[in-house]
Amino acid sequence: MTDKIGLPALEAQLARELELIGFARPEWVRSRTLDGEAVLDVAVIGGGQCGLSAALGLRREGVTNVVVFDENAAGFEGPWETYARMVTLRTPKHLNPIDFGVPSLTYRAWWEAQHGSAGWEAVDKIARGDWMEYLRWYRRVLDLPVRNGAKLERIEPLPELGLHRLHFAGGAMEHARKVVLATGIQGGGEWHTPAMVSDNLPRHLWAHTSEPIDFGKLHGKRIGVLGGGASAFDNANFALTQGVAAAEVFMRRKQLPRINPIRFMERVGFTARYPALDDATKYAAMDAFLGHNQPPTNDTFERAAAWPGFALHLGAPWLDVKEHDGLVRVMTPHGVHDFDFVVISTGLLSDPGLRPELADLAGLIARWGDRVTAPGKPNALIDAHPYLGDAFEFLPREGVDGAPLHGLFAFNYSALVSLGLSASALSGLHNALPRLVKGVADQLFLDDREALVADFLDYDEHEFLGQWPREAVA
């Protein structure tokens, strides 16, 4: 006897569950137009796991005039089929971050419908490609409104109208009352590349791990990988599976990172309670968090280390890089290495000033360095993060008119310092989504409170129709 019910049966079950809990709420937001054109109540930028689940959460609150915009082709939103190269997700398989408590919407239900409960028990971690297939199903079965091929280039504030004009590549424009930047791990800043690489090497000799890399063209070649975090090992392993002759990872640390603070945060509810901490404690906690490189998963490290062409150089920062006879010459404290190609895995910087779509607004946005004095030695990485409100909303710098920022929400990794592991982190998304959704819906309500309260005071619809004394029955 099998318990593989199949996706059609699961989808029927899901529809029933959504009906039973009254998931679809009445629409209540007042419609707006500009020059005869409809205005979106919410534009969600980014159609990955955060953008899709944010749209669903808003629907649950009766906010339905929502469109999700993504620059990628349908089915290729987020990192999973573009630049992510890990074999499996790094998070435990039991996390259910985007199902809103609906059993048939969980990844486990989706998996068991196709592979049964025994198949679920056999899963250690969720395979990267399987997670993307689940997200594709999630979008389809919920009929979420996503427009692909829509790259946001600029947010133009229209504070006098309470709107934002969104400029997309190719000249398309949309107007929205609220904008949720569900733009992932890099959406709050940019991936970091050391100047010694970008300034000294021609572009065909290096790439960042966040970019598409055709490792097939490097078959039989030697590559060097700069960085000691999980992504460095993911890329080394992937490159070796694609036939590179050697992949050598260089770390400035003298020992491999072993502690993953995220596991502690998951166990004690740190992800959910972090926003309640005072600023000084948040600063100290994030200083410690950023001091840890996220280690590779044990299986990723073992896979990479098992290849004959793999090498790991500890205590070996790159001191200089240059082109030499068509190769990349890397100088470290322990000697010189020549590679056909190098891959950079040196993390990211979170700073609104690095985002082109925020060019009109970045100078208004409060940073942590503006609001909080470090309890110890200042950390420039922390200080550059935006200082966000409780619902991921941008806040203005002191003495600045914040009206142009009203309605903008940074639901991406730049929320790390303000709200902890939340947006774009599967470990915290379960707690972050209700916070975001409530904040957006509350803003929409409060923006229209005068009209809504006036309507309430004028409300005169008779619900009770009984009479007394009762009319005599003939």
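View 1. A cavity here is a set of points on a 1 Å grid over the protein atoms alone where a 1.4 Å probe fits but cannot get out. Grid points are joined across faces, edges and corners, and a volume is the space filled by probe spheres set on the points. Being a predicted model, it has local features reported only at pLDDT of at least 70 and side-chain atom pairs only at pLDDT 80 or more, while totals for chains, interfaces and linings use all residues. Numbering starts from 1 along each chain as its sequence is written, and side-chain values use heavy atoms, with hydrogens and water left out.

**View 2. The largest cavity.** Its volume is about 50 Å³. Around it sit Leu89, Thr91, Pro92, Lys93, Leu95, Pro97, Ile126, Trp131 and Leu426, lining residues being those with an atom within 4 Å of a point. That lining splits into 7 nonpolar, 1 polar and 1 charged residues (Ala, Val, Leu, Ile, Met, Phe, Trp, Tyr, Cys and Pro count as nonpolar, Asp, Glu, Lys and Arg as charged, and the others, Gly among them, as polar).

**View 3. The second largest cavity.** Here we have about 40 Å³ of space. Leu181, Gly187, Gly188, Pro352, Arg355, Glu357, Leu358, Phe394, Asn412 and Ser414 make up the lining, with 4 nonpolar, 4 polar and 2 charged residues.

**View 4. The second largest pocket.** A pocket is an open set of points with protein on both sides within 12 Å along at least five of seven lines, and this one has a volume of about 380 Å³. It is lined by 17 residues, and Arg258, Pro295, Pro296, Thr297 and Asn298 are the closest to its centre. Helix H10 (residues 298-305) gives the most to the lining, with 4 residues; helices are DSSP runs (H or I, at least four residues), numbered from the N terminus. By class, the count is 6 nonpolar, 5 polar and 6 charged.

**View 5. H2 against H4.** The axes of helix H2 (residues 49-60) and helix H4 (residues 128-142) come within 11 Å and cross at roughly 30° (axes are lines fitted to C-alpha atoms over the stretch in contact, with angles from 0 to 180 degrees between N-to-C directions). That makes H2 roughly parallel to H4, a term for angles under 35 degrees. Gln49, Leu52, Ser53, Leu56 and Arg59 in H2 meet Trp131, Leu135, Tyr138, Arg139 and Leu142 in H4, with contact meaning heavy atoms within 4.5 Å. These contact residues comprise 6 nonpolar, 2 polar and 2 charged.

Key: Helix = DSSP H or I, 4+ residues; strand = E, 2+ residues; numbered from the N terminus. Parallel < 35°, antiparallel > 145°, perpendicular 65-115°, else oblique.
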